[in-house]
Amino acid sequence: HAVHDGSEYFYVTFDDEVRIVRPVSSDLSGIDFAIDETPLGRGTSLFDAVIQGIDLSRKTTRYRQVLIVISDGADTHSKEKLATLMKAAHESEVQIYAIGYFNPEEDQLFRTNGAEIKMTSRMVHNPRVVLTELSEQSGGKAFFPRTDAAMTAAVQAIVNDLRSQYTIEFYRQPTDNDTYQELRVLIPGHRGPIRTRSGFGGRQ
């Protein structure tokens, strides 16, 4: 409800499978209804869901595209691999914001371990690491609230972030190929951090 008039939306849920509950539409009330009617599921198909979200973003008519990902656990059911997800994120122009809202036991596990974790006798990718990398590489940000109040604050932080950004466009040089190109933005005299996409391209 904090976005500009004329924006487009879609809504995807994911547990043991991914469902496009609301395809691309300008009907915000339909999104509200779909969220309210979302049932609890079992399992997490995080990678497949984000890839689906990136694909749906390409079907919008708006130039600026933002994907908000909210997950409560590690990926356990995706058909696609993490490498495929990262490649899709590199090739897209969507800016990804992520919220990882885990139960206290898993939150502690994810905070104190590295990129891979053993859960229920299998190795899984640490969702904190995955969501952080996805967000940072796309110019977004990841949040890991521990309470409902912190969750609300994370949503508000995303709203504030989206309302205070600049869009910079540039033309690729004729010598650029379709491989992934790293990107850095420098502002003379600026001492604070500058958050941008880490690169662009990469489509084969």
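Strand E4 (residues 95–100) is joined to E7 by 2 bridges, and the two strands run parallel; strands here are DSSP runs of at least two residues (E) and helices runs of at least four (H or I), numbered from the N terminus. Within this pairing, Ala142 of E7 is the bridge partner of Ala98. The model is predicted, with local features requiring pLDDT of at least 70 and side-chain atom pairs pLDDT 80 or more, whereas totals for chains, interfaces and linings use all residues. Residues are numbered from 1 along each chain as its sequence is written, and side-chain values use heavy atoms, without hydrogens and water.

The strands form an open sheet of 3 strands in the order E3-E4-E7, with parallel pairing, where pairing requires at least two DSSP bridges between two strands. Strands E3 (66–71) and E7 (142–143) are the edges, each pairing on one side only. Helix H5 (residues 127–137) packs on the sheet and touches E3, E4 and E7, its direction making about 155° with that of E4. Contact denotes heavy atoms within 4.5 Å, and angles, from 0 to 180 degrees, are taken between N-to-C directions of axes fitted to C-alpha atoms, for helices over the stretch in contact. Helix H6 (residues 148–162) lies across E3, E4 and E7 at about 170° to E4.

The largest nonpolar core comprises 31 residues, and those with the most contacts inside it include Val50, Ile96 and Leu134. Such a core is a set of buried Ala, Val, Leu, Ile, Met, Phe, Trp, Tyr and Cys residues joined through side-chain atoms within 4.5 Å, buried meaning under 20% relative accessible area (1.4 Å probe, protein chains only). Its largest share, 7 residues, comes from H2.

Conventions: Buried < 20%, exposed > 50% of the residue type's maximum accessible area, 1.4 Å probe, protein only.
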